[in-house]
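Subject: Handover of a structure, with notes

Dear colleague,

Please find below the structure that I promised to pass on to you.

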Amino acid sequence: MNNNRDRTNTNISCGQDGHDLARSMESTDWMEQVRNLNAEHALSTGKVRTFRLDVFGCQMNERDAETIAGMLTNMGYEQVSHDEPADIIVFVTCCVRENAEEKIYGHIGALSHECEKHGSIIVASGCMMQQPHVAEKIKKSYRNVKIVFGTHNIHDFPMLLHRYLTKRKRVFEVWEKEGRVIEDMPIKRSHRHKAWVNIVYGCNNFCTYCIVPYVRGRERSRRREDILEEIRALASDGCREITLLGQNVNSYGNDLGKKDLFARLLYDIETVDGIDRVRFMTSHPKDLSDSLIKAMKECSKVCEHLHLPFQAGSNRVLERMNRKYTREHYLDLVERIRDAVPDIALTTDIIVGFPGENEEDFEDTLDLVRRVRFDAAYTFIYSPRKGTPAEKWEQTESPETISKRFQRLLEIQTDISTQLAKKYEGRTVEVLVDGPSKSNPEMQSGRTRTGRLVNFKGDTDLTGQMADVNIIRAGAFWLEGKEGKRRG
Ligand code: 5AD
Ligand code: SF4
């Protein structure tokens, strides 16, 4: 028995705003209603309504955007590219750091001309909208934003859109609390050969700097059968690589009352024919179990790559961050993982300038970076987030000091990333090809099992295929291959 998920989202009775009656209709019904409105519009004007997406933040947001695109397509909208005008412009927002928020306000503001000229409307969704002060600011200062919803009520979008289209009044509806896990929403995937698959939503960890638990709610795991059904369907549709998503994938299943379900899930996925590669993110060091390390060693489809954020190298800072592990524990984990999977690529997230972090603490971070030798690190300057415990903590260091430390870290890490990349020179690697390279469309581009970006020349278009590529040159963030040959 599980009462925390719903296949149909009928009768969602969160009682959030007195719209329960309206909600008793399924979102599929609302989609049909909007589809009918759009069909009438197309008949009378000869034009199909369009949408485009502007997505900020992490993979969860990319995945949410696929659901929004799926719903809009189902409702009769056609997706257009970034440089084309659209009837609906959807923002999927991020609030993990202040600069993400500032950028989003800037992008929304810059659209006034397009909205006036083409009659476009803006829909704002995602993490940022879960913060009441943001929704207020949007209401007051950004008149072209006509529909707002948050992370917990994405499935309500068709109903909200119908309300807007029929009443032409701005619709703001953000649920304060998470609801059930809703299955079977339409999805318009960005790629055929690789896909994101959510396994757990939300986070229970409350790291003191982080806003995610406040905007994405508590952990809710999807049912194993639902996940496997989705992966089997993807495989039969030609998907070769899946990335399992969760704020903390290692705690997958804890809310279902069972332990170590994530490792078991990897063994289950290993049996799905057609899938060649399995990735997952993000892992929390405090929850990475021995059975998961064993599963990574034993499951041939699990790629030799682990993203394991350590955030800070000083135990004092880690404690203040509420990370619940020590640097010694982290280093021990790294050793055990490398024993089990010798060629594994490790990547991480690091925060510089957490309140109270002094020079000695920062040296501990550098020391950990030098010891582990990560393939790549995503480095961030600490950004105070409203409502988190650390927001109120005193910053002892000046912005200049923090910025200098950040640069030092970046230099050391870039050096390590380059040295590790050089090891690929002369080797032939397996690449899953994504398509033409973004920086040079004459080259094709893809990723190794270890997650490295590879650009190479190829006579035939190998998009979506596995290729063997001989690496001739390597930089910190890319590998260049001589020629790609289709595998097998
Ligand atoms: N300031 C800076 N970086 C942050 N992160 C999360 N919250 C903050 C913050 N307030 C970083 C962490 C996390 C990554 C996704 O973003 O390193 O792992
Ligand atoms: Fe944020 Fe910590 Fe949860 Fe990651 S584990 S989402 S950093 S609270």
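How far is a nitrogen atom of ligand 1 from a polar backbone atom of S383? The separation is 2.8 Å, which falls under the heading of a polar contact (a pair of N or O atoms within 3.5 Å; within protein, one must be able to donate a hydrogen and the other to accept it, and residues adjacent in sequence count only if both atoms are side-chain atoms).

Before going further, please note that this is a predicted model, in which local features need pLDDT of at least 70, side-chain atom pairs count only at pLDDT 80 or more, and totals for chains, interfaces and linings use all residues. Residues are numbered from 1 along each chain as its sequence is written, chains are lettered from A and ligands numbered from 1 in the order in which they are written, and side-chain values use heavy atoms, with hydrogens and water left out.

The surroundings of ligand 1

Two further polar contacts involve ligand 1. A polar side-chain atom of Q311 lies 2.6 Å from an oxygen atom of the ligand, and a backbone N or O atom of Y209 is 3.0 Å from one of its nitrogen atoms. On its own, ligand 1 has 410 Å² of accessible area, of which the protein covers 86% (areas come from the Shrake-Rupley method with a 1.4 Å probe; for residues, only the protein chains shown count as cover).

The residues around ligand 1 are V96, R97, Y209, Q311, D349, I351, F380, I381, Y382, S383 and R385, where a residue counts as near if one of its heavy atoms lies within 4 Å. Strands β15 (345-352) and β16 (376-381) are the elements that give two or more residues to this shell; helices (H or I, at least four residues) and strands (E, at least two) are DSSP runs, numbered from the N terminus. By class, the shell has six nonpolar, two polar and three charged residues. Here Ala, Val, Leu, Ile, Met, Phe, Trp, Tyr, Cys and Pro count as nonpolar, Asp, Glu, Lys and Arg as charged, and the others, Gly among them, as polar.

Q311 lies in the loop between β14 (305-307) and α12 (315-320), and it has a positive phi of about 70° although it is not a glycine. Q311 is buried because its relative accessible area is 7% (buried means under 20%, exposed over 50%, partly exposed in between, with a 1.4 Å probe and protein chains only). V96 is placed in the loop between β4 and α4 and, at 27% relative accessibility, counts as partly exposed.

The surroundings of ligand 2

Ligand 2 is surrounded by C203, N205, F206, C207, Y209, C210, V212, P213, Q247, H284 and R323. Its shell has seven nonpolar, three polar and one charged residues.

Aromatic pairs

Rings of Phe, Tyr and Trp (its six-membered ring) pair if their centres lie within 6.5 Å; planes under 30 degrees apart count as stacked, over 60 as edge-to-face and the rest as tilted. By this rule the count is 12 aromatic pairs. The rings of F56 and F91 are stacked because their centres are 6.2 Å apart and their planes meet at 10°. F56 sits in the loop between β2 (50-55) and α3 (59-74), and F91 in strand β4 (residues 88-93), 35 residues apart. F56 is buried at 10% relative accessibility, and F91 is buried at 0%.

Y105 and Y142 are also stacked, since their ring centres are 5.5 Å apart and their planes are at 20°. Y105 belongs to helix α4 (residues 98-109) and Y142 to the loop between α6 (132-141) and β6 (145-149), so the pair ties together parts 37 residues apart in sequence.

Cysteines and backbone

The structure holds zero disulfides, a disulfide being a pair of cysteine sulfur atoms within 2.5 Å. The sulfur of C239 is 12 Å from the closest cysteine sulfur, in C303, which is too far for a bond.

Helix α7 (residues 157-167) is mostly covered, with nine of its 11 residues buried. Just after α7, R168 takes a positive phi of about 55°. Finally, a cis peptide bond joins M281 and T282, with omega about 10°.

Yours sincerely
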